[in-house]
Amino acid sequence: MSDVLNFLARLEAAPLAVEQRRCVRVRNRNAKCMRCLESCAGGCIGYEDNEITVDPTKCIGCGTCATVCPTDAIHPKKPTDAELAQQCLDAARANSGRVVIACKNMLDRADGLYDRSKVVRVPCLGRVDESLVLHLAVCGAQSIRLVRDACDECAHKKGYVACQHVCASANELLEAWNAPQRVSTSQKLPGSVRARELGYDQSRRAFFATVREGTADAASAAVDTVCEDKLGMAPPKEDRFVHVDSRGTLPHEVSQRRKTIIGALDVLESRYGAPLDTMIDTRLWGEVLINTDECRGCRMCATFCPTGANFKFQTKSGSVGVKHRVLQCANCRLCLDICPDKALQLSEEVFARDISDGVTERYLMGALQSGLDGHDTMASSMRRLFNDNVSVSSYTTN
Ligand code: SF4
Ligand code: SF4
């Protein structure tokens, strides 16, 4: 009994939560994604019996796996994203609006030399993702500095690799959306966080608090409404397993991190105007191109897409097809991995205004052969793919 209780206590203490249904590998075994497993330096993450597993006895909660997951299937719990964002805002208020986040190794080395109220401590800089950076920028942070230690010699150096990608992505977005802030990395703590009291500019503090409250409200309002207004999607329901719905697709969800990013970009647009009319190269979005000469119209790309970036449509005349919305594409590559005709390509460079405007591409794929209540089903998709030489009665992923 004590072994069981100890095991349950360790599970409870796990620094990560996994939403299996969001994982592209769990949604379809033919997906190749294993970014979480590849990024984990401690060997804590596994894939067994079609589930992502985390060994809580090994995991240090660096959060790198959550950062690299394209669909946000993994959530850090200690702290949560919301708690970490609040810690950053509190520290920024004490540091004249400048956010300083440092890794545990650096802060252990600098113990006693810095003011703890002005620096946010993370196990690894791999914990920082674009949604945090953009949220802080929208809330009025003047600068965001990530302070590392000797990453080349660190057991968790993969976290710093992820951090560099995040910085590049976040800065590309901030630049394209005309925001003045940037996120930078450094191996040195800035003088503003030294332990010695240098006096404090109260007027600047009051100014920052005002800006933060106003913009935090705006960001929060934008995030609350963006899912329904901009994406046309209802908030996701919790469910252990995913099932094909009456439209013949698995549930589509936009994660909280993604909503935070889109909400923050909305706020930046209202503050600084439309984004630059340029392509951006981030790890966050992709644009899927479907070669309709190669495609036989099974529409598996829409059935399994985790975010609804690919979705099915049917015209009044009975023709069917797939629409692709860049704004929702998470660059997870699931649709490319499972397309039986290899008819898809993915561009990692996308136009900033296609994200901002919610541009949708439309691909017609021929006439619907059978369906349910006017919707194409997975069964009819598979019959079309296999020329009716298949019998499909029901399907779930569990
Ligand atoms: S989708 Fe996320 S959880 Fe699933 S294998 Fe890829 S990185 Fe891991
Ligand atoms: S459209 Fe984008 S989000 Fe959907 S499966 Fe393809 S790559 Fe993933």
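## Who touches Q187

A contact means heavy atoms within 4.5 Å. Leaving out residues up to four places away in sequence, Q187 touches M106, V147, R148, D149 and A150. You'll find Q187 in the loop between β8 (183-186) and α9 (202-229); helices (H or I, at least four residues) and strands (E, at least two) are DSSP runs, numbered from the N terminus.

The cut-offs are under 20% relative accessible area for buried, over 50% for exposed, and partly exposed in between (1.4 Å probe, protein chains only). Q187 and C151 sit 36 residues apart in sequence, with 9.5 Å between their C-alpha atoms.

## What you're looking at

This is a predicted model, where local features need pLDDT of at least 70, side-chain atom pairs count only at pLDDT 80 or more, and totals for chains, interfaces and linings use all residues. Residues are numbered from 1 along each chain as its sequence is written, chains are lettered from A and ligands numbered from 1 in the order in which they are written, and side-chain values use heavy atoms, with hydrogens and water left out.

The pLDDT is the predictor's confidence in each residue, from 0 to 100. Its average over the protein chain is 83, and 76% of the residues score at least 70. Watch out for residues 217-228, where pLDDT stays under 50, and for residues 381-398, where pLDDT also stays under 50.

## The whole chain

The protein chain holds 14 helices and 15 strands. Of its 398 residues, 52% count as buried. Take the contacts with a separation of 6 or more: 77% of them link residues 24 or more positions apart.

Helix α7 (residues 130-138) is largely enclosed by the rest of the structure, because eight of its nine residues are buried. Among them are L132, V133 and L134. After α7 comes G140, with a positive phi near 105°.

How far apart are the end C-alpha atoms of helix α10 (residues 256-272)? They are 24 Å apart, which agrees with the 24 Å that its 17 residues should span at 1.5 Å a residue. That expected span is 1.5 Å times one less than the number of residues. The buried residues of α10 include I261, I262 and L265. Just after α10, G273 has a positive phi of about 95°.
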